[in-house]
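Dear colleague,

Please find below the structure that I am handing over to you. My notes on it follow.

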Amino acid sequence: MRINNLKCVLVLFILLLLSLTSYNSVAVDEDEQITISSGQYDKAYRYNTHGWIYLHIEGEPYDRGYQHGYLLANEIVDIIQRWQNIFPQKNSWKFHRIYADKFFWRNYPEEYKQEIQGIADGVKDRDGKIDGRLVDYKDILAINEMYEMMSRFRTYSVYPFRFSSNWMIQSITSLVSNMISTAEEEHKGKCSAFLATGDATVDGRIVATQSTFGGKGSKSWWHNYISERFNVLLDIQPTQGHRMLIATSPGYIWSDEDWYQNDAGMVLMETTLMLGKSRFIGDPVVVRARKAIQYSDSIDEMVDYFLTNNNGLFANDWLMADTKTGEIASLELALRNYGLTRTKNGYIWSCNNPKNDKVRWELYSIFGFGVIGRLVLRDFRPSNRDIKFEELLEKHYGEINVDIAKQIMSTKPICGGSTDCKITDSSLIDNFGLWAFMGKPNGEDFISNDYPFDKEKPGYTDLPACGWVNIYALSNKNTYYDEITSYNGEDGVKALWELETKSYELRDPIYSSPALEDDSLYINSWNGGVYSIDAYSGTKNWENNIGFNSSSSPIIECDILYLGSNGGIYAFDKDTGDIIWMKEIGGISSKPISHNGFVYCGSHDGNVYAFDSENGDLKWKFGTNEEIYSSPMVSGNVLYIGSNDGYLYAIDVKTRDLEWKYETGGPVCSSPIVFNNMVYFGSWDNNVYALNAKTGELEWEFTTGWGVDSSPALYKGTVFVGSEDNNMYALNANDGKLKWFFSTNAGIKSSPTVYGGFVFFGSSDGRFYALNMEDGDLEWSVSPDYHIQGVYNYVTKPIDSSPVAYDGKVFFGSTDGKVYCFDAQTFEKEPVEKEIRVPTDTWVFMIISLIIVTLITALYLVVSRRKSL
Amino acid sequence: MSALILAFIVYLIILVLIGIWSSKLNKTLDDFLIGGRKLGTWPVAISAQASDMSGWLVLALPGRAFLYGVSAIWTAISCALGTLFNWSVVARRLRRFTEKLRALTIPDFLEDRYKDDTHTIRAIATVIIAVFMVAYVSAQMVASGKILSETFGWSYHIALLIGFTIITFYTLMGGFFAVAWTDVFQGMLIVIILIGLPIAGIIKMGGFGSVFSAMGRVDVNTISPGFGYGGLFFLLFAFASMAWFFGYPGQPHVLTRYMSIKSEKKLWNSTLIGMIWVIISLWGAVLIGMIGLAMFKDIPDPEKIMPMLATSLLPEWVAGIVIAAIVAAIMSTADSQLLVATSAFVEDIYHKLVSPKAKQKRLVFYSRISVFMLSVVALVFAIPGENSAIYFLVAFAWGGLAASFGPLIILSLWWKRTTKWGAISGMISGMITVILWDLFGITSYMESLSVHDELVVPGMLPAFFVSFFCIIFVSLFTTPPETKKLFS
């Protein structure tokens, strides 16, 4: 009886407990991945563009570190996890942290210690966690020291190499062949770089370029896995030393890959040499390289920073340039030996193959104690890349400029393993600018599925070629605008048609904006293709190839198609595609304009040219001080054009005199438009300007977050303009007041087109947008190819092309090499799902396994029944 | 109060009523521990399976299928074949031998089989059962904590405490009768759910093909029978997945079910029912994991996939029953295991060694106390278990029992030549191998090399063979006991 009572009490107790606690609701875990593509903290800001993250930090060491960590927290966690993932041992990261802390931290000067601590704290305050614990300075230190640690432990070949069945045999054979070989083998690294100056370059000033290498396949898949995260252009404005622009990875205080430039006009690059001897005492390369760029005014100082307290790890060929003196140098640095080459005339290239005998002796022969050195002492022998470099640099001797550098760096085998490319020249450095390419510069996409890996690694994504982008790290007044919009869905808008342009079996990116005439669409591609396409069917009317790179756009006047290219200007018959005339006058990126029998365009040599539109005879030219990327606009008799020297010029085309010029704080690459006696344009000083077209007086200016490269569009009293700060702005044309803005996930170079109540434009986040003209609400958007999602800011095919709209359709090109036509009005959302072919094996396995088990059971039951009967 | 919670509570009340009703049948320790060897076909068949499968079936196996897709079928195959092995090779003889020897528990049986007057076998067996059963019950408590916290939003620890209360209370009241009869009720319910839920899911997804495609989109390996592995790795993967097979003959809580059947003749029917139940449930559970993967793609704890699927696919009150059934499944195993562990203390130690003449009433009372104590110990071990996978907790306990008793039970039943020392060496070597392998040795070594979990061969596999050969080897050098009568 007592027990029964007890039972009742217990039952009641349980019921009570259940009813009491049932009010607790289940916490909804909203784990949706929001793409953080812009940010501001204190004086720091970040934006995405063309696969890169531009990050500006400034101030005291701790402060700038904190800004860095805070704004790139997700990306830093991502890179730490990558380094963690490439090692087979679960505890590898623990070990790396301890090792970095124990052997390197003490050699860091207080300044960099604080910067690292700041980064860690910034990440921590954004709740950045590794293995469930908050990120601390050891994590940040360890990622900075990874290459030095790997040099130390000679573990350049890591996971999953060790797990392939014959790794032991492979590594022994490769070691043996390496030791007895007399032929030059390619170094594991495939960084390539060159410097040119004096007679070698087109203007006698310096051109510098470098590509980082990746790797794919079973042994070196992880190189790409790491390299694709090296997508940060870090702009550091310290309280002491020079302002620096560094191409690097999130969380790094140095470059590692290596690209540096500073505001004293110095450039520092590197290609890695063999693993050499090292010593414990001595400063880590992190510290020496960072000091070299932060505190050097000259090549001598730089060399000094590298040689002082050298610890010998991460032996490199350091390329240095001083744009003030026009001198370039190469410092091949091992532990005990180094070789220094300097010149003010000529070129120096570097591709992991040291030329200095002593350095070779130390690194490459077993007598120099190089651990995997060869038995035979050997002289320098050029590798394939050495040969190619020499051939191309000789071929273009005297005409080397940024355009040639792009060409050289996109040529195989030089670009064979490249995962990016950076180029600058003296004139760009003046404005603290550079050209950058994320992905393989020749346009090849890295498809991770082609190099599968026994088990998927988080973040092992494709690395598409994201196209060339020109950026300037200028410090100007800026205003931060941001709204979080979520449009990461898989929903797609169906293209009416699409057409792929191809050259050399590769997708041929399109930077150009199409032109429309008589139901035909005209567009050109980067590798020189010129196309006429039927606007309704998407079939080609004709195609031609000019053999030069081109990012200019076509214009049609009187049945003639005019087009610029890196080779010069062309005139085509618009119906047949035949070349009527051409002028080889150097690079033209601007879209030509035809007016009263003249064709005008701006050139990379800084001139505005006027040609006879009939035969291409040069009629006159007007010089500005730097390159021109802006396209001219003619209104009345005045030609308006921007130049990288920071001015907008108004030139009378009749008298060929300068009417007025207006100075902005940065290069003017944006093309002006003229309406109602007002000129509208943007500048890299972050502003959109409206000037009086007659006098050049400022009517209003509007400050965005970063440079304005996009050209404005004007419709019904509203100026629509995109900015590198990821936003599309609608401004009142009269007073420059902000009507609305819309945030995309990356910078906007494409110029908007207004049609049927929509504002159409592309963004370098890989999406094409249609906004409501009135309020800026998203009407529809589409990502025809790769687009930014989550922290993978480098996965994109930017849409730089400015759309044109016509007869209910909107047309644009993309860096994925395709021309698209969408219905401009209606938008059918059709979910695009990845096709998965379910193998027959799966079905068979599901069914057969069940049948076999059932049969065995039945068999047993029948047999045992018989026995028992 | 939502329909979900209402259905859940109503269900539990029904179970409690069954428990109260059946507790009236418990008069002797025999009744409490093995239902007085009076159980019919259905109770034996279903309860043997239900106590075997447990929270593992409804949480861990779908969780595995969520992670590994169709390749989780290897585990299902090994379990189905393992069950068949038990019914065909072990059940009949065990029933016959234990009846002849009047053994109530596995230690009982082993001691009598080897005529061990020194009680060494009994002592070792009892220790092994106590250790691994507590681990096993712990795994069940973790499971109950996970499921309750997921469903009702309680914190894991509160959920764990409630789970503990329900399990303990329920076992205390009923003893074997309650356990066996509630097992039947729950076993039937589980099988209905494991058929119904996948069907609902497949309809929702629009056919089998789209389930596969959706899985493939998440991870293409999940629609490959070898989880994307080829060659030797494929074999290793399949082998590691199928290690469960070797555990079947060694599970005391399942074996006692065979001992409790009313007559040997009913075994055939029980086998038929049991096997149908097992095959349906295993494939159903795998399907649930696969459909879950297709629908949810990524969830924090894959082992919670079945409750998630139930709440999203079914009407609320049905989902409540499903959740209740899941908890019930956990209970059905936990209570059987608690009973087996209890029997190890009360019957094997106290009754047989300490106080052979103790009254039945006192023994039942001690059993209840011991159930409570063991539950508390299991609870303590379950407290930090929020983040551990039930799959591996169960694999450890299962492996320990499998290696210690599996080879021994088989050889005891089928090889006359087995000796006492063979038996002792077999139990000890099996247990040591499992512990060294899983806790200290190979597994953690493999993990440190970052070998993927699914390729790590669980300890039960090597331990089974070590134990097997130890018994044979030692037996060949020692004198066998007199067993003519037993084997006749």
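At 39% relative accessibility, Arg656(A) counts as partly exposed, a class that lies between buried (under 20% relative accessible area) and exposed (over 50%), with a 1.4 Å probe and protein chains only. Its place is the loop between strand 37 (647–652) and strand 38 (658–663) of chain A; helices (H or I, at least four residues) and strands (E, at least two) are DSSP runs, numbered from the N terminus. Arg656(A) is not a glycine, yet has a positive phi of about 65 degrees.

Please note that this is a predicted model, in which local features need pLDDT of at least 70 and side-chain atom pairs count only at pLDDT 80 or more, while totals for chains, interfaces and linings use all residues. Residues are numbered from 1 along each chain as its sequence is written, chains are lettered from A and ligands numbered from 1 in the order in which they are written, and side-chain values use heavy atoms, with hydrogens and water left out.

Confidence

The model scores ipTM 0.82 and pTM 0.62. Chain A has a mean pLDDT (the predictor's confidence in each residue, from 0 to 100) of 84, and 85% of its residues reach 70 or more. Over residues 1–33 of chain A pLDDT stays under 50, and the model has 32 contacts for them beyond four places in sequence, where contact means heavy atoms within 4.5 Å. Over residues 156–165 of chain A pLDDT likewise stays under 50, with 41 contacts beyond four places in sequence.

For chain B the mean pLDDT is 80, and 89% of the residues reach 70 or more. Within chain B, confidence is highest in helix 18 (residues 460–476), at a mean of 90, and lowest in helix 2 (residues 29–34), at 58.

The two chains

Chain A has 15 helices and 54 strands. Of its 869 residues, 62% are buried. Chain B has 19 helices and 0 strands, and buried residues make up 67% of its 488 residues. Among contacts with a separation of 6 or more, residues 24 or more positions apart account for 60% in chain A and for 85% in chain B.

Nonpolar cores

A nonpolar core is a set of buried Ala, Val, Leu, Ile, Met, Phe, Trp, Tyr and Cys residues joined through side-chain atoms within 4.5 Å. The largest one has 167 residues, and Leu282(B) and Phe405(B) have the most contacts inside it. Beyond four places in sequence, the contacts of Leu282(B) include Met53(B), Trp56(B), Leu57(B) and Ala76(B). Another core lies apart from it and has 136 residues, including Tyr147(A), Val285(A), Phe389(A) and Leu428(A).

Phe405(B) is also one of the residues in contact with Met427(B), as are Leu110(B), Ile121(B) and Leu408(B). Met427(B) is found in helix 16 (residues 420–440) of chain B and, because its relative accessibility is 0%, counts as buried.

Helix packing

In chain B, helix 4 (residues 73–101) packs against helix 5 (residues 106–113) at an angle of about 75 degrees, with the axes 10 Å apart. Axes are lines fitted to C-alpha atoms, for helices over the stretch in contact, and angles run from 0 to 180 degrees between N-to-C directions. Helix 4 of chain B is therefore roughly perpendicular to helix 5 of chain B, a term for angles of 65 to 115 degrees, whereas under 35 is roughly parallel, over 145 roughly antiparallel and the rest oblique. Leu94(B), Phe97(B), Thr98(B) and Leu101(B) of helix 4 meet Phe109(B), Asp112(B) and Arg113(B) of helix 5.

Loop residues

Lys115(B) is placed in the loop between helix 5 and helix 6 (120–152) of chain B. Although not a glycine, Lys115(B) has a positive phi of about 50 degrees, and at 48% relative accessibility it counts as partly exposed. Most residues other than glycine have a negative phi, and most peptide bonds are trans. The bond from Lys412(A) to Pro413(A) is cis, with omega near 5 degrees; Pro413(A) lies in the loop between helix 13 (402–409) and strand 16 (420–425) of chain A.

Asp298(B) sits in the loop between helix 11 (267–296) and helix 12 (305–313) of chain B. Its relative accessibility of 64% means that Asp298(B) counts as exposed.

Yours sincerely
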